[in-house]
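Hi everyone, thanks for coming.

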Amino acid sequence: MKSFVINLKRAVERRRRMEERFAALGLEAAFHPAVDIQNFTQETYTKVDRETRRHLGLWPQADAEIACWMSHRQIMREIAENGPETVAIFEDDAGLSAELPAVLDALERRPFAFDVVKLNRRSSRTFIPCERLETGHRVGRVRYHDYGSEGYVITREAARHFLENTPLMMREIDQALSRFWENGLNVFYVDPPVVSHDEQDDSQIERDRRRARAEHKRADGVLNVAWKRAISAVVREAQRRAAFRRLLRGEIGVTPPADKNA
């Protein structure tokens with residue numbers, strides 16, 4: 001399976017680490033230059049739906065989160081236009097399991113219908129197994145979803161659908177991909193995970209996120225933000241519970257099953 005790694009050009013040490021990790025597993029990866037916040041212009045922010053986030057009581061996106069969103073979408077656009085039918089996308093803070101190559105090989109054959117398969121999980125939320133790979137790994141749902149975009153497999157059709165239905169950034173890329181009740185994608189998770197978050201202390205995103213949250217609190221006020229978030233949480237809970245039942249029944253998704261006779 002073709003693999004992409006998103007890496008900021010000036011993050012030389014991160015690239016070196018990822019090159020070593022992929023080489024140790026016998027995998028090849030194409031390094032995609034991440035969007036750099038140093039090159040942002042006023043036009044960049046026209047691609048962000050900040051008003052909707054403010055209405056929902058959510059923090060403004062940090063510049064590094066916007067850059068991450070744009071970088072993932074650049075790869076998706078390449079996939080949608082030129083293929084292949086299934087690819088893996090990694091961020092440059094991904095830890096890789098020795099079992100990753102076998103799992104990627106199994107998923108490339110698309111033994112069941114999926115749009116996105118998350119290779120990592122960050123929480124201990126309930127896992128519901130649905131399929132079993134030839135590697136022995138289970139693939140299933142997380143009640144109700146899990147975040148993180150350090151590594152995932154996505155189909156060409158899913159990439160095309162995501163691009164068409166999310167013209168503006170409203171949520172961070174990991175949330176936007178996970179929220180099946182909003183994006184209409186058939187999202188699975190691998191158990192046990194074969195990708196982890198590499199706990200390094202050089203996260204530009206986290207530094208920007210803390211700064212954006214502080215500014216948000218000063219601008220809108222803590223009580224106002226809390227009230228908006230409470231209302232949006234009630235709506236979200238109702239939507240995702242109803243959609244989760246549809247997801248389990250196989251009624252959500254855009255990628256048809258692979259043609260085994262092709």
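This is a predicted model: local features need pLDDT of at least 70, side-chain atom pairs count only at pLDDT 80 or more; totals for chains, interfaces and linings use all residues.

Residues are numbered from 1 along each chain as its sequence is written, and side-chain values use heavy atoms, with hydrogens and water left out.

Okay, aromatics. How many aromatic pairs does a search of the whole structure find? Eight. To pair, rings of Phe, Tyr and Trp (its six-membered ring) need centres within 6.5 Å; planes under 30 degrees apart are stacked, over 60 edge-to-face, and the rest tilted. Take Phe22 and Phe90: their ring centres are 5.3 Å apart and the planes sit at 85°, so this pair is edge-to-face. Phe22 is in helix α1 (residues 12–24) and Phe90 in strand β3 (residues 86–91), so the pair ties together parts 68 residues apart in sequence. By the way, helices (H or I, at least four residues) and strands (E, at least two) are DSSP runs, numbered from the N terminus.

Are Phe22 and Phe90 buried or exposed? Both are buried. Buried means under 20% relative accessible area, exposed means over 50%, and partly exposed is in between (1.4 Å probe, protein chains only).

Next, Tyr144 and Phe244: centres 5.1 Å apart, planes at 85°, so edge-to-face again. Tyr144 is in the loop between β7 (138–142) and β8 (151–155), and Phe244 is in helix α9 (residues 222–248), 100 residues apart.

On to charges. Side chains of opposite charge can pair when their charged atoms come close. The search finds 20 salt bridges here, each being a side-chain nitrogen of Lys or Arg within 4 Å of a carboxyl oxygen of Asp or Glu.

One of them joins Asp92 and Arg14, with the closest N and O atoms 2.7 Å apart. Asp92 lies in the loop between β3 and β4 (94–96) and Arg14 in helix α1, so this bridge ties together parts 78 residues apart in sequence. Both of these residues, Asp92 and Arg14, are buried.

Now look at Arg16 and Glu20, with closest N and O atoms 2.5 Å apart. Why are they separated by about one helical turn? Because Arg16 and Glu20 are four residues apart in helix α1. Arg16 is partly exposed at 35% relative accessibility, and Glu20 is partly exposed too, at 47%.

Arg21 meets Asp198 in another salt bridge, 2.8 Å from N to O. Arg21 lies in helix α1 and Asp198 in the loop between β10 (195–197) and α8 (204–220), so the two parts tied together are 177 residues apart in sequence. Arg21 is partly exposed at 23%, whereas Asp198 is buried at 14%.

Last stop, back to helix α9. Leu247 is found there, and Leu247 is buried, with a relative accessible area of 1%. Leaving aside neighbours within four places in sequence, Leu247 contacts Arg141, Phe180, Leu185, Asn186, Val187 and Ile252; contact means heavy atoms within 4.5 Å.
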